[in-house]
Amino acid sequence: IENGIIVPTDWWAIVFNPSFPYRFAHMAAAAFLVSSLLVVGTAAWHLLKGRRDELVKKSFSMGLWMVLVTSCLQVVIGDNHGLNTLKHQPAKLAAIEGHWETNRDHGMPLLLFALPNMETESNDFEIGISNLGSLILTHSLEGQVTGLKDFAAEDRPNALIVFWSFRVMVGLGMLMVLLSLTALWLRKKDSLYESSWFHKFALIMGPTGYIALLAGWVTTEVGRQPWVVYGVIRTKDGLSHTVTADQVGLSLIIFVLVYTVVFGAGIYYMLRLIKLGPAFSTPLDAVQDTGPGHFKTPLRPLSAVEESIDTTDPSAQNSKEKPHD
């Protein structure tokens with residue numbers, strides 16, 4: 001800090017800060033998890049519609065294997081990320097746990113349900129498991145964790161938002177693990193492709209990766225408040241003195257308009273792909289290895305969808321295929 005101004009002296013240290021490896025691993029695994037859940041949900045929809053061809057089964061099976069690997073991996077990464085947050089952003093961790101009083105003579109419970117009240121500095125309607133919070137965060141049944149009251153009121157994030165955004169993320173993550181483990185059980189029973197109740201479960205879980213992803217970012221960004229640089233500069237002090245409110249408002253409006261068009265087109269395109277489902281113009285058993293594009297392998301993203309997508313009947317595209325088990 002030079003003359004009251006923060007001056008970066010080592011960009012490598014800024015980029016590769018103490019939380020970098022944990023956030024990077026957490027986000028990378030989340031990207032694969034979100035994608036695989038979408039594939040699983042799409043295949044489940046087609047299974048419920050009666051398709052049993054090999055492409056749908058392959059999509060369903062491979063997607064579930066990826067969900068199994070990435071969801072279990074996220075549990076390990078998330079645990080280490082939490083320990084890193086406890087060390088470097090203790091107020092955020094306390095808000096995540098709805099933990100107000102530092103536990104000095106007993107273990108910290110893991111709260112399953114609560115309504116953190118910022119005014120009374122307490123929780124309403126607590127339901128928790130004794131000592132489990134200390135065990136997870138300190139690997140000791142009576143490990144001490146700093147409570148929110150040990151931080152000045154102006155240095156605390158909004159505990160209600162952070163508490164519940166975190167639980168939405170973790171709760172959906174546990175359902176993802178349950179989905180993949182249930183798939184293992186059904187594989188063993190040789191009924192993975194015939195259990196309609198499981199297909200409905202998988203269909204519901206399809207978009208949950210996006211929800212969990214957004215909930216995680218809410219936890220991250222709201223949890224770091226009121227800091228732009230944790231413990232160094234506050235959000236209110238990060239305002240520019242050279243950019244006017246009108247300029248900020250105009251740029252925000254442009255961003256909203258552009259992203260509305262981009263995301264609107266992207267969502268429409270994805271929904272059309274989902275409706276079409278996995279389909280090729282040539283049966284798998286008739287495909288010859290003649291290079292990319294032989295049976296409409298997409299060479300660029302938008303080439304995956306034919307012009308007739310709105311009227312294409314997926315079942316008709318597969319009508320020439322030999323029956324599968």
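So, helix H4, residues 90–97: seven of its eight residues are buried, so the rest of the structure largely encloses it. By buried I mean under 20% relative accessible area, while exposed is over 50% and partly exposed is in between, using a 1.4 Å probe and protein chains only. And helices here are DSSP runs of H or I with at least four residues, strands are runs of E with at least two, and both are numbered from the N terminus.

Before I go on, this is a predicted model, where local features need pLDDT of at least 70, side-chain atom pairs count only at pLDDT 80 or more, and totals for chains, interfaces and linings use all residues. Residues are numbered from 1 along each chain as its sequence is written, and side-chain values use heavy atoms, with hydrogens and water left out.

Okay, back to H4. Which residues of H4 are buried? They are Ala91, Lys92, Leu93, Ala94, Ala95, Ile96 and Glu97. The cover over them includes H2, H3, strand S1 (110–117), and the helices H5 (132–138), H6 (159–188) and H8 (208–223).

Packed helices are described by the angle between their axes and the distance between the axes. H2 (residues 20–48) packs on H3 (residues 54–88) at about 150 degrees, with the axes 7 Å apart. That makes H2 roughly antiparallel to H3. For the axes, lines are fitted to C-alpha atoms, for helices over the stretch in contact, and angles run from 0 to 180 degrees between N-to-C directions. The words go like this: under 35 degrees is roughly parallel, over 145 roughly antiparallel, 65 to 115 roughly perpendicular, and the rest oblique.

Sorted by class, the H2 contact with H3 has 19 nonpolar, 12 polar and one charged residues. Here Ala, Val, Leu, Ile, Met, Phe, Trp, Tyr, Cys and Pro are nonpolar, Asp, Glu, Lys and Arg are charged, and the others, Gly among them, are polar.

H2 has another partner, H9 (residues 245–276), at about 45 degrees and with axes 9 Å apart. These two are therefore oblique to each other. Who makes the contact, meaning heavy atoms within 4.5 Å? From H2 it's Leu38, Thr42, Trp45 and His46, and from H9 it's Met270, Ile274, Lys275 and Leu276. By class, that's five nonpolar, two polar and one charged.

Most residues other than glycine have a negative phi, and most peptide bonds are trans. Phenylalanine 125, in strand S2 (residues 122–129), has a positive phi near 60 degrees. Is phenylalanine 125 buried or exposed? Exposed, at 61% relative accessible area. Histidine 139 also has a positive phi, about 60 degrees, and sits in the loop between H5 and H6. Histidine 139 is exposed too, at 53%.

Then there's a cis peptide bond between glutamine 225 and proline 226, with omega about 10 degrees. Proline 226 lies in the loop between H8 and strand S3 (227–229). Valine 229 is in S3 and is partly exposed, at 38%. Valine 229 and isoleucine 6 are 223 residues apart in sequence but 10.0 Å apart in space, C-alpha to C-alpha.

Last bit, confidence. The pLDDT is the predictor's confidence in each residue, from 0 to 100. The chain averages 86, and 86% of the residues score at least 70. Over residues 314–325, though, pLDDT is below 50, and that stretch has 22 contacts in the model beyond near neighbours in sequence.

Technical notes:
Contact means heavy atoms within 4.5 Å.
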